[in-house]
There are 2 protein chains.
Amino acid sequence: MTHAAISAARERDPSVTLSNWQDAPQNRWAFAHVDELVPTVDVRRGRGDAAAIRTKPAASAALDERVPELAGFLAGSFTDAFMVLQHGEIVDERYLDGFRPEDRHLLMSVSKSLCGLAVGRLVGRGLIDPQQVAGRYVPALVGSAFGDATIQQVLDMTVAVDYNEDYRDPDSHVQAQDRVAGWRPRRGNDAADTYAFLQGLRKSGEHGRVFQYCSAGTDVLAWVVESVTGTRFATALGTELWSKLGCEEDADITVDSGGFAFANGGVSCTLRDLGRVGELMLRGGLVDGRRVIPEAWVTETIRGGDPAAVASGSPFQRVHPKGSYRNQWWVTGNERGNYYAVGIHGQFIWVDPLSDSVIVKFSSWPEPMTEEWNRSHAAAFGTVNAALAVD
Amino acid sequence: MTHAAISAARERDPSVTLSNWQDAPQNRWAFAHVDELVPTVDVRRGRGDAAAIRTKPAASAALDERVPELAGFLAGSFTDAFMVLQHGEIVDERYLDGFRPEDRHLLMSVSKSLCGLAVGRLVGRGLIDPQQVAGRYVPALVGSAFGDATIQQVLDMTVAVDYNEDYRDPDSHVQAQDRVAGWRPRRGNDAADTYAFLQGLRKSGEHGRVFQYCSAGTDVLAWVVESVTGTRFATALGTELWSKLGCEEDADITVDSGGFAFANGGVSCTLRDLGRVGELMLRGGLVDGRRVIPEAWVTETIRGGDPAAVASGSPFQRVHPKGSYRNQWWVTGNERGNYYAVGIHGQFIWVDPLSDSVIVKFSSWPEPMTEEWNRSHAAAFGTVNAALAVD
């Protein structure tokens, strides 16, 4: 079956299994139905009314006129849904191949950026000190790679850890973590659950020097959140973030057999609700004038990390030469000041302060991530930003 | 850990595993968190506002005065939540041990009664003829126990099938079905999924003569629903029933590795939303004056099946001597005309037409079902009904 033949709207793609759901073409259906493949726990929006997002009438047509290549780009980049917010209004909203406004889509590593915001709020509440080491909050991590890493180092991914993040290698740490999380069939000697897995990771050098993208770091942050709130991560993410945004729908997050929520990549939510996260960043941590995330936290995040920590020949810096990573967000360092959250297979929150706009995109790329995909999306988003700025 | 020490509100009971979650004391936490243990699919409530249910002020206190033994009965019968509706108003609503109004609780075989209603609606729409055999709608079932059974026989559980429904026997069919459904760890030679499992069940005699409670029959009905609607059962249950009731929350239902929803026992929903199902029955299939289920279907269901088909020495008839089973509901044949939906470990919708009331109870009994539990609950519900009738 071809990728194009599979729609998120299909009632069930019978070819989907726990072994192949992250691959094309099965990922098109699977990314919209993760709760049918892996156990999940709700991230509650709370019981109040959703904060309505206004829609600018006939806006999509206007954007197509200004960016005539947009429709072709979206169709050619395995898009499941796409939205642009400007000045807090929806100026473009599209659902492709049957994906619907009420459907949740897997965020992959955009999940990390949500975790970063929850940590920011808890820092603001005085529950977490970014200069303390993770082992102080989670004694079980002492002796692991993360035990003596500061929370800030974990947030900025400058922890030196023996961790292979090759999504295509069955012997990599990241695939092992997938298996432990219930995302792939287990092997006999896998760790019992993510708590055990994290304790088994080993330090590989000095922390704080070099940017090393390591998914497990976010799970360490989630464990710290559990420790300081006394609740599970999914509960805390609901309390500290999701219930504060005026969301329309609950999010959910996958959980492993030990009840650990897969903070680094397991959140699913609707397109509009993810747009609300971008809006939160644009408004400096405010939602409808109410303080949700400390302003300083948002400011520091947007300012970015140390570009020198990132390998200059890395695919990221080949696209964004001044790029850095801060508090679980990617900061381009470009002249527009764009920053973003990104997940493999094409999940994005792209923020453009200059035009006061947010782009959200859900995709089911056949590849986890390539420099070309990253480059083409940055270029397309930049074109949209430039078109909006004409206003 | 004792049963009493485990609360549904616990963030996570670390002793819960896929092997023990249905047993006490783990079932207290697990029945409120099934989606964390087994993959699920949403049963959507639709996007409209919920139909508010009015609450009679200070009603619980009044009921306690009239039925002083009620609180003790609830505490002693592993109750997670309890509600009484009279004339469409909440006259009693209690949440115990941390279970909350927004939490979903596993319905077990109360799920069957929801499936029966969905079938009733599809009969009313002319999509299902109860006199046709199941094999006509699902050719893959021809040759199995159900291929030549009429839909009415399946609805009334008078299909003669080689099926052992002993919940405690690891070699029973019902435990095998649990494993296939993802509710227990698999064994090597288990069927690939429920579709395959159902095709493998064999006829054991003549259909239509003897009541034989067989959980698999409901899954056959669900497969028929999928066939005639062209959608999966969870979608159909949402479209035909859940979205018509004014529910406050989505329900969900567990799914196996083949995407088959566990129609016979896998639905979870909130207490109030389940109360809406009882109200639907009391109003003869109407919701706020709108027709949802054909009146004749509700009338026939309430009239009951053939009590002579039920073994007179059975635990059911020892409690309800004129009891019968019709369209996936239990009908007591008693002088009050009570009928009910029941699931193992203490899930109930109990309808009392005389006092125009509905009782809903979620529990986590340590036993799946005993004659004594069944008897004590019928007695307690009868006492409440009698107290309400004084009005």
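Biologist: Which residues in α4(B) meet α10(B)?
Modeller: On the α4(B) side they are L114(B), A118(B), R121(B) and L122(B), and in α10(B) they meet A236(B), L237(B) and E240(B). Contact here is C-beta atoms, placed from the backbone, within 7 Å. Helices are DSSP runs of H or I with at least four residues, strands are E runs with at least two, both numbered from the N terminus.
Biologist: How many of those are nonpolar, polar and charged?
Modeller: Five are nonpolar, none polar and two charged. Asp, Glu, Lys and Arg count as charged; Ala, Val, Leu, Ile, Met, Phe, Trp, Tyr, Cys and Pro as nonpolar; the others, Gly among them, as polar.
Biologist: And any caveats on numbering or confidence?
Modeller: It's a predicted model, with pLDDT of at least 70 needed for local features and 80 or more for side-chain atom pairs, while totals for chains, interfaces and linings use all residues. Residues count from 1 along each chain as its sequence is written, and chains are lettered from A and ligands numbered from 1 in the order written.
Biologist: Back to the helices: at what angle do α4(B) and α10(B) cross?
Modeller: Roughly 70 degrees, with the axes of α4(B) (110-124) and α10(B) (233-240) coming within 10 Å. That makes the two helices roughly perpendicular, a label covering 65 to 115 degrees.
Biologist: What's the strand order of the open sheet in chain B?
Modeller: β1-β5-β6-β4, four strands with antiparallel pairing; a pair needs at least two DSSP bridges. β1 (40-43) and β4 (105-106) of chain B are the edges, each pairing on one side only.
Biologist: How many bridges join β1(B) and β5(B)?
Modeller: Four, in the antiparallel sense, and D42(B) has D252(B) as its bridge partner in β5(B). α10(B) packs on that sheet, touching β1 and β5 of chain B, and its direction makes about 20 degrees with that of β1(B).
Biologist: Over to chain A. Which residues of α12(A) are buried?
Modeller: W297(A), V298(A) and T301(A), in a helix spanning 295-303. Buried is 20 or more other C-beta atoms within 10 Å of a residue's own. Seen down the axis they fall within an arc of 95 degrees, so they line one face.
Biologist: What covers them?
Modeller: The cover includes α4, α11, β9 and β10 of chain A. After α12(A) comes G304(A), with a positive phi near 95 degrees.
Biologist: Last one: how many residues of chain B are in contact with chain A?
Modeller: 16, against 16 residues of chain A. On the chain B side, five are nonpolar, four polar and seven charged.

Terms used. Two residues are in contact if their C-beta atoms, placed from the backbone, lie within 7 Å. Axes are lines fitted to C-alpha atoms, for helices over the stretch in contact, and angles run from 0 to 180 degrees between N-to-C directions. Angles under 35 degrees count as roughly parallel, over 145 as roughly antiparallel, 65 to 115 as roughly perpendicular and the rest as oblique. A residue is buried if 20 or more other C-beta atoms lie within 10 Å of its own, exposed if 12 or fewer, and partly exposed in between; C-beta atoms are placed from the backbone. The arc is that of the directions from the helix axis to the C-beta atoms.
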